[in-house]
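Thanks for coming, everyone. Please bring the complex up on your screens, and we'll walk through it.

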Amino acid sequence: MSGDKKESNSTLLALTSSALLLPAYQAANAEAPPEFTEVGLRYSNYEEDDTASSKTFGGSSERMEVDVAQFHLLAPVADDWSVALDVSWEDMSGASPWFVGESAEGDSKVVMSGASIEDTRTEVSVTTRYYYDRGSAGFNYSRSDEDDYESDAVAVDASYDSDDGMSTYSASLSASADEIEPTQGVTPTGTLKDEKDIRSAWVGVSRIVSKRAILRFGLSYTYRDGFLTDPYKLNDERPDRRNEWVIQGGYRQFLVTPNAALHVDYRYFNDDWGIDAHTVDIAWHQNVGGRTAIIPFLRYHTQDEADFFANSVDFSERYYADDYRLSAYGAVSLGLKLRHDIGNWRLNLAAERYQSNNEWGIYGGEESPALVDFWRTSIGLDYRFR
Amino acid sequence: MMKLLSLLVLALMLGGCETVAPWERGTLAKPEMQWQTDTMEARLKGQLYNSKEAASGGGGAAGGGCGCN
């Protein structure tokens, strides 16, 4: 990048620095390496509500709780490169739905796995990025390791600005190889070891709409091939292939008088298992003074059920599942984030409540008795070396 | 409906934009105007939602899976 160009694009540095924090396969508008090294630590707790006694056999049951620790590092390397490292550790415990049965009254009720699940997950993700005059290109490697599951994934991405800088075109490709070796509890899973592969492609374009607004549009295709069944569910037999398509849009609008930014994101999802889903994310980034931000956010998700979903599965069918995640429902998530800067330090706090209900969805379908509600809280510190 | 939505978005992107010179993009460069403003938060939420819902993806090519319960 020439010196003149660097100078004329100085106002874009902040624009690009945030994009640099993204995993390689999500990057867009990344035109300049980060100015400073940044590190961050975050602790989060995720806790699902107990399943109501009216919806289970054997009374109320505790569900999953997960503690998550995250580390993030982003550093400039030489003039035109950066490297990012993201590590997360998860400690999971509790119970998850095992299968759905029918009571004497004809109601669908869930049988939980019992408080038998203990697992840890470690994920390491490394991204290197090269910056050229009108964009950047990144390479990402990620490895996720659990007691019963391993995943290795690679991704490449590139972005390119139009002549006038009003548009940025981006594309990414990824591939992963996953291996599952289910833990055999009191009741064996019936699966000793299996594999699946994931291939995915994404293209996107972002466009400056005005001095205070920017829009983006993206399309992605993902192909999953292999063992896609959940081995920990009793009544679960899924196709070994899945084709997924996503159409995605995003909008950012800055409002001068309240000194705030409106974020709106939408995603349409469709796959060949019969699932349609719409997801809308809205956030209001309210600046308070120069060092504090209050960010309330609202998310709505609704999905249709898979073709082979049923609470009372038909074992004569080739495929069947009573997994609540494949049922029709709507989910609302409401949250609040707080951010406060003190010198080179940044304090981050967040809390989120997620609730799902069959009646909140726009699609008709059987109500699963195992739908999940949860709380999530996070606290973290970031530091910038400058 | 999806075709209509797609056409609408494309029309907005291609035709409904005023030319904004590089020196007029200061507001767009603000951290709160970025597509993602918090990497760790985005990663965490992605993992949570992807493991509890049937739909996933959208912001880029998909990553690897997990044995999520």
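Which residues does A:Arg238 touch, not counting residues up to four places away in sequence? They are A:Leu228, A:Thr229, A:Tyr319 and A:Ala321. Touching, or contact, is two C-beta atoms, placed from the backbone, within 7 Å.

Some ground rules. This is a predicted model: local features need pLDDT of at least 70, side-chain atom pairs count only at pLDDT 80 or more, and totals for chains, interfaces and linings use all residues. Residues are numbered from 1 along each chain as its sequence is written, while chains are lettered from A and ligands numbered from 1 in the order in which they are written.

Back to A:Arg238. Where is it? In the loop between strands S12 (236–237) and S13 (241–255) of chain A. Helices (H or I, at least four residues) and strands (E, at least two) are DSSP runs, numbered from the N terminus. A:Arg238 counts as buried because it has 20 C-beta neighbours inside 10 Å. The cut-offs: buried is 20 or more other C-beta atoms within 10 Å, exposed is 12 or fewer, and partly exposed is in between. The C-alpha atom of A:Phe227, 11 residues away along the chain, is 8.2 Å from that of A:Arg238.

Next, the interface. From chain B, 48 residues are in contact with 93 residues of chain A. H2(B) gives the most to chain B's side, with seven residues. For confidence, the predictor gives the complex an ipTM of 0.88 and a pTM of 0.89.

Now the cores. A nonpolar core is a set of buried Ala, Val, Leu, Ile, Met, Phe, Trp, Tyr and Cys residues joined through C-beta atoms within 7 Å. The largest has 22 residues. Those with the most contacts inside it are A:Tyr46, A:Val66, A:Ala370 and A:Leu371. H2(B) gives the most to this core, with three residues. A second, separate core has 13 residues, including A:Trp273 and B:Ala55.

Last, the strands. Two strands pair if DSSP finds at least two bridges between them. S14(A) (260–271) and S15(A) (276–288) run antiparallel, joined by 11 bridges. A:Tyr266 has A:Val280 as its bridge partner. Their hairpin has four residues between the strands, and A:Gly274 there takes a positive phi near 95°. S15(A) is also joined to S16(A) (292–303), again antiparallel, by 10 bridges.
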